[in-house]
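Dear colleague,

I am passing on the structure we spoke about, and below it you will find notes on what came out of it. Please read them with the structure open beside you.

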Amino acid sequence: MGSAGRVVLVTGVSRDLGRRFARAVAADPSVERVVGVDAVPPRGDIGDVSFVRADIRNPVIAKVIVKEDVDTVVHMSLISTPGSAGGRNTMKELNVIGTMQLLAACQKAPGLRALVVKSSTTVYGASPRDPAMFTEDMEPRRAPRAGYAKDVIEIEGYVRGFARRRPDVRVTTLRAANVIGPEVTSPLTSYFRLPVIPTVIGHDPRLQFLHEHDLLEVLRHAIAAEVAGTFNVAGDGVLMLSQAVRRLQRPAVPLPSFAVGRVGTTLRSARVADFSPEQLGLLTYGRGVDTVRMRTELGFEPTYTTAEAFADFAAPLPPTGGYADRLLSRVAQSLPEAGAPAAAVADGPEPTYARGVDRG
Amino acid sequence: MGDAEIIPIGTRGRPGRGTGKQPSSAARGLAPGARSASAKPAPRSSAGSTAGSTAGSAGTAAAKRSAQRPAHDEPQATAQVPVEHPVEPPVDRPAATTRDRAPMSGIPASDWLAAIQHGAREVFGEQWEPQLASFLAFLRRRVTGDYLVDEYGFDQEVTERFLMATLRPIAEKWFRIEVRGVENIPTEGGALVVSNHSGTIPVDGLMTLVSIHDHTGRFLRPLGADLVFRLPFVSSLARKSGATLACAEDAERMLTSGELVGVWPEGFKGIGKPYSERYKLQRFGRGGFVAAALRTGVPIIPLSVVGAEEIYPLVGNVPSLARLLGLPYLPITPFFPALGPLGLVPLPSKWLLEFGEPIRTDELDVGAADDPMLVFNVTDQVRETIQQTLYTLLMQRESVFK
C-alpha cells in the first residue's frame with residue numbers, strides 16, 4: 001500500500017448511505033482519492049468524490065479499477081428490497097451478478113490491497129431454532145430459501161471464494177445489524193414509520209439495531225484497520241419489538257402471522273412501505289448477534305447502543321398513540337393534590353416525586 | 001274449577017312458612033323486633049314509629065309485634081291474643097327509607113374520590129401516596145417501553161412483579177411445595193440444575209423457577225425446546241421469563257456468564273409419558289447438558305421433583321391430531337377434554353423438590369467434554385442420582401395429596 005494515500009472505490013453511491021460514506025472517506029486525510037461507482041448518478045452532493053457511472057454488472061468495472069489504480073474496494077451496493085430496484089429479478093441481478101462481476105474485476109486488479117464488504121446479519125435467518133446470540137462461526141439454522149437473505153448468503157460465498165483465490169488481499173466482511181437512523185430508508189424503518197404497527201400475535205422478537213453513523217464509522221474503521229475476517233456489527237443490547245413500539249408511542253395491532261404478511265404485501269404493492277417477505281421471520285422470531293469479535297479483533301466500539309440508535313430514529317417521528325402514558329402522567333400529576341402532604345404543598349405546584357415519574 | 005280450593009302461596013308479608021296459618025312460636029322468635037318498622041305497618045304502630053323516630057321503646061316494639069300478628073285471612077285483625085314473649089332490647093337503627101334518585105344521577109364524585117383513596121390505602125398501606133406514585137412510575141415505564149431486557153430477552157421486572165407473583169400462591173397454596181437441599185445451590189456463579197420432567201404441561205419448570213427464586217433470590221434460566229419458541233404467546237412469555245433455546249451455544253453462553261441454568265434433559269419424552277410410567281426417568285437426551293457443564297466447568301445440581309406427575313395424569317394421546325397440530329403429543333387426562341377448560345385445573349398434589357449434592361466438573365480435564373464415554377458416564381451418574389432420590393422421596397410422601 002502506497003504511503004502517498006489510498007484510492008478507495010465505493011460501490012452503490014447513488015443511495016444515501018453510500019453517498020455519505022463516500023464523502024466521509026474523502027474527508028479522511030490518509031485517503032488520496034475516492035471513486036464512487038453506480039449505475040445511476042447520486043442524488044445528493046458528493047463533494048470530493050469522483051463519480052464514475054458504471055454498472056457493476058458488466059466488465060467495465062474492471063477497467064475502472066485498473067485505470068484509477070484502486071487499492072481498496074468498499075462494496076456496499078447490496079439492495080435489501082425489491083421495491084427500490086424494480087423487481088426481485090433486478091434486485092437479484094444487482095446483488096449477486098453485480099458482486100460476481102466486481103469480485104472478478106478485483107481478482108484481475110494487481111494493485112488491490114483490501115476489500116470491505118457490507119453484509120448483513122440477515123445471513124443468520126430467523127427461526128425458533130436459533131441460538132440467542134449468533135457468533136460469526138455459526139450457520140443459519142434454517143437456510144433462507146429466497147429473497148435478500150439468500151442473496152447475502154450467496155454474496156458471502158463468492159467473497160469467501162475471492163479471499164481464497166487472492167490471499168494477498170485483506171477481505172473484511174461486516175455483517176451489520178438492521179441499520180436505523182433518522183434518514184435511513186429500509187424495510188425495517190419503513191415498518192416502524194407506519195402509523196399503526198402490525199405485529200405477529202403472541203411473538204415478541206428481539207431486535208438489534210446499528211445506527212447509520214456507526215455503520216459509516218465501522219466501514220471507515222475497516223478500511224484503516226489491518227484486520228481481515230467476518231465481523232458482526234451491532235449496537236449493544238437488544239430491544240424487544242413490543243418495547244420498541246412502546247418507545248415510539250405508536251399503537252400496535254397484533255395479527256396472525258399470515259395476516260401480517262398479507263398486510264406487508266399490500267403495503268408494498270401500494271408503495272407505502274417496503275416490506276420484505278423475510279422480514280416476517282425477523283418480526284416473529286427475532287435475532288441477536290454476538291459482537292465480541294467486533295470489539296476484540298476489529299477493535300471497533302459503536303457510539304450508539306441499540307436503544308440509543310432507536311431513540312435517535314424515533315425522535316422525529318410523531319407519536320400516534322401513547323394515550324395510556326398520557327393518562328398515567330395526568331394521574332401522576334394530579335396525585336399530590338388528592339392527599340396534599342405538607343411537603344409537596346410547600347414545594348409548590350410541582351410534585352416532589354414527579355422526577356421519578358416524568359420521563360421526558 | 002269454581003270450587004277449587006285456593007291455597008295461598010307465600011306468607012303475605014307475615015313471618016311463617018306460608019301455610020296461611022299462624023306461625024309457630026319458633027318462627028315468631030326468629031322474627032326481629034325491628035322488622036315491623038320496615039314491614040307493612042298497622043296504623044297504630046306507624047304512629048308510634050314516627051313519634052319515637054330512631055329508637056322505638058320496648059313497649060312500642062311489643063305493640064307493633066302484636067299488631068303484626070296475623071289472623072287467618074285478615075292481615076290487619078288484632079283480635080289474636082299474643083303469646084307472651086320476652087321483650088327484646090331496642091334496635092338502634094333508623095327506619096329504612098327509600099329515596100328516588102334521578103335515573104342518570106350516579107354516585108357523586110366525592111364518593112368516588114373517597115373510595116379510590118380508601119382503596120389506595122387498603123392496597124398500598126398508610127404511605128399510599130409515594131407507593132402509588134412509584135406504582136404509576138412503574139406503569140409508565142412499562143407503557144413507554146423504558147425498561148431493560150438482557151440479550152436473551154429476560155425481563156426481570158415483569159418476571160418478578162407478575163410471573164412470580166402469580167405462580168407463588170400456586171406453589172405455596174395449591175401444590176404446597178416443600179423444598180429441600182437449597183444449600184446445594186451456589187449463591188453465585190454458574191451452575192446447571194438438572195431436573196426430571198413430568199406433568200403433561202411443564203408446570204414443574206415454572207414451579208422450580210419460583211421456588212429457586214424464593215429460596216435463593218437467584219433467577220433460574222430455563223432451557224426450552226424449540227417448540228416453546230415456535231408457539232405464539234408461549235414464546236414471548238418464555239423469553240421474558242428468562243428462558244432460551246436448549247442448544248449448546250446458549251447453554252455455554254449462559255453458564256459462562258455465571259447464570260443459574262435449568263435443564264430438563266428428558267424433554268417431551270418425560271413430560272408426555274403415560275401416567276402408568278410415572279417416576280420412571282426417560283433417556284437423558286444425548287448428554288449435551290453434561291458436555292456444556294464440562295466445557296464451562298460449572299457444577300451440576302441434580303433436582304428431583306415429586307408431585308408433578310400427578311397434576312395431569314396422562315391416560316391417552318391423540319397422535320394423529322398432535323401431528324396435525326405439530327405438537328409432540330395431545331394429552332387426554334381423566335378431566336381433559338371431558339370437562340373442558342375445567343379439566344385444565346391441575347390436581348392439587350403435594351410436591352417435594354430436593355436439590356442433590358452438586359456434581360463437580362471443574363476437576364476434570366479440559367478435553368473431558370470431547371470424551372463421549374466420560375460424558376455418558378456423568379450423564380448416567382446424574383440420572384441415577386435423580387432416580388434414587390425420587391424413590392426415596394416417594395417413600396417419604398404420605399400420599400399423593402398430602
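Buried area is the accessible area, taken with a 1.4 Å probe, that two parts lose on being put together, summed over both. In this predicted model, the area buried in that sense between chain A and chain B is about 3300 Å², and carbon and sulfur atoms give 57% of it. Across the interface, 39 residues of chain A are in contact with 37 residues of chain B. For the complex, the predictor gives an ipTM of 0.84 together with a pTM of 0.78.

As to the polar side of the interface, there are 18 residue pairs in polar contact between chain A and chain B, counting pairs in which both residues have pLDDT 80 or more. Sorted by class, the side of chain A that touches chain B has 20 nonpolar, eight polar and eleven charged residues. Five salt bridges are counted between the two chains, and in a salt bridge between B:Lys240 and A:Asp204 the closest N and O atoms are 2.6 Å apart.

Some of this has to be read alongside the confidence of the prediction. Chain A has a mean pLDDT of 86, with 91% of its residues at 70 or more.

Chain B has a mean pLDDT of 82, and 77% of its residues reach 70 or more. Its pLDDT is below 50 over residues 36-67, a stretch that has 23 contacts in the model beyond near neighbours in sequence. Residues 69-79 of chain B also stay under 50, and for them the model has 17 contacts beyond four places in sequence.

One further element of chain B may be of use when you look through the structure. Helix 5 of chain B (residues 109-124) has 16 residues and reaches 22 Å from its first C-alpha to its last, close to the 22 Å expected at 1.5 Å a residue. Helix 5 of chain B is followed by B:Gly125, whose phi is positive, near 80 degrees.

Definitions and conventions. Residues numbered from 1 in each chain as written. Chains lettered and ligands numbered in written order. Predicted model: local features only at pLDDT ≥ 70, side-chain atom pairs only at ≥ 80, totals over all residues. Heavy atoms only, no water. pLDDT = per-residue confidence, 0-100. Contact = heavy atoms within 4.5 Å. Salt bridge = Lys/Arg side-chain N within 4 Å of Asp/Glu carboxyl O. Polar contact = N/O pair within 3.5 Å; in protein donor to acceptor, adjacent residues only side chain to side chain. Nonpolar A, V, L, I, M, F, W, Y, C, P; charged D, E, K, R; others polar. Helix = DSSP H or I, 4+ residues; strand = E, 2+ residues; numbered from the N terminus. Expected span 1.5 Å × (residues − 1).
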